[in-house]
Amino acid sequence: MNISILGSTGSIGTQTLDIVRDHSDEFKVTAITGNKNVALLERQAREFKPELVCVADVASARELKIKLNDTNIKVLGGKESLIEASSIQSADTVVTAVVGMTGIEPTISAIKSRKRVALANKETLVAAGNIIKECEAEYGKCIIPVDSEHSAIFQSMQGMADKREIKKIILTASGGPFYGKKREDLVNITPADALHNPNWDMGAKVTIDSSTLVNKGLEMIEAKWLFDIPMDKIEVVVHRQSVVHSAVEFVDNAVIAQLGMPDMRVPIQYALTYPNRMSIQRNELDLTEYASLTFEKPDTKTFYALELARKAGIEGGTLATVFNAADEAAVELFLKGELSYMGISEAIEYAMNEHNNIKNPTLSDIYDADKEAREAVYKRRK
Ligand code: MN
């Protein structure tokens, strides 16, 4: 199988390359892309020998091109070059692990080029869900989720005869580092407090988002599009041990879940090998090591970003883009010490209230809404 990895230097990208390294007989890398991490891109290019390396930052692309002078690897620069990597003829699977809105158009071009899309980019479905679904309707269903919860839901649905048999989706949440805390306990939270996540090792933005439950909110909206399920059939359940990665309840009350140790390699690899499975030589789940697995309702009074996400998901349109963009801007300000921790959810609520929602948006409506929401958050701070 030939893989193109958009965002090969990030957490999902490097773990995808670990899988390729361990199964070099099964996988070959035909393209990788990054933003600015020239040193790592060079190392990856020399090890995996792709046809193409794309670097979003133009100056970094120039630098990499010189470094790879002695090879016959093609180097392209600029954000548009990601489209080349996602539609490259030799790839049959595209892993979209870039962070941010830049992931949307390469994902669309991968669908149009009839690739399998192992989707790890959140913005693609959160912001452009309507466009992606139209695209899949025309070119065929091709997205396999990489996010652990969505992979669990996808796995739990295998063998299902009819979508109408689903009663609800049970999306599990670790509860984050501030589980059990109330609003008044969170007033003085610093970036360092929020950057500590016991179960999953992720980037700074995702770690903050999982502490505010914004991440779970984004995942609810993603699930709505991915599984074509209304928001009121998506339930979030706090599950501290992160062993049950999510579940599906069917009309006969049978609940099917996927369990395992927290290990992103499982969902990434499944997205590549689906419907088959391949062995992984580590991290087996031993259920007897767990005295109990706990499940409870989330505290949406304290972590009310979850309710804001539900609202954005129900109303649809550009409101979900605003939810995501306002959060990104607010987290950036929080990490710089310019916004309080509870200010993150407040900023999202503010930007959503300011926004005139556009139903069934075009890509340009989506980019405008994204920009507008960020500006609303920056302006409000002053
Ligand atoms: Mn997740």
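This is a predicted model: local features need pLDDT of at least 70, side-chain atom pairs count only at pLDDT 80 or more; totals for chains, interfaces and linings use all residues.

Trainee: Which helix does Ile208 lie in?

Mentor: Ile208 belongs to helix H9, residues 204-212.

Trainee: And is Ile208 buried or exposed?

Mentor: Buried: its relative accessible area is 0%, and the cut-off for buried is under 20%.

Trainee: What does Ile208 touch, leaving out residues up to four places away in sequence?

Mentor: Ala194, Leu195, Val331, Phe334, Leu335 and Ile344.

Trainee: Which helices do the buried residues of H9 pack against?

Mentor: Helix H8 (191-194), helix H10 (214-227), helix H12 (305-315), helix H13 (319-335) and helix H14 (341-354). Those buried residues of H9 are Thr207, Ile208, Asp209, Ser210, Ser211 and Thr212.

Trainee: What happens just after H9?

Mentor: Leu213 takes a positive phi there, about 70 degrees.

Trainee: Switching to the sheet: in what order do the seven strands come?

Mentor: S4-S3-S2-S1-S5-S6-S7, an open sheet with parallel pairing. At the edges sit strand S4 (74-77) and strand S7 (143-145), each pairing on one side only. On average, neighbouring strands are turned by 20 degrees against each other, direction ignored.

Trainee: How many bridges do S1 and S5 pair over?

Mentor: Four, in the parallel sense, between strand S1 (residues 2-6) and strand S5 (residues 93-96). Ile5 stands opposite Val95 in S5.

Trainee: Which strands does helix H3 lie across?

Mentor: Helix H3 (residues 58-67) lies across strand S3 (52-55) and S4, and runs at about 165 degrees to S4.

How values were computed:
Residues are numbered from 1 along each chain as its sequence is written. Side-chain values use heavy atoms; hydrogens and water are left out. Helices (H or I, at least four residues) and strands (E, at least two) are DSSP runs, numbered from the N terminus. Buried means under 20% relative accessible area, exposed over 50%, partly exposed in between (1.4 Å probe, protein chains only). Contact means heavy atoms within 4.5 Å. Two strands pair if DSSP finds at least two bridges between them. Axes are lines fitted to C-alpha atoms, for helices over the stretch in contact, and angles run from 0 to 180 degrees between N-to-C directions.
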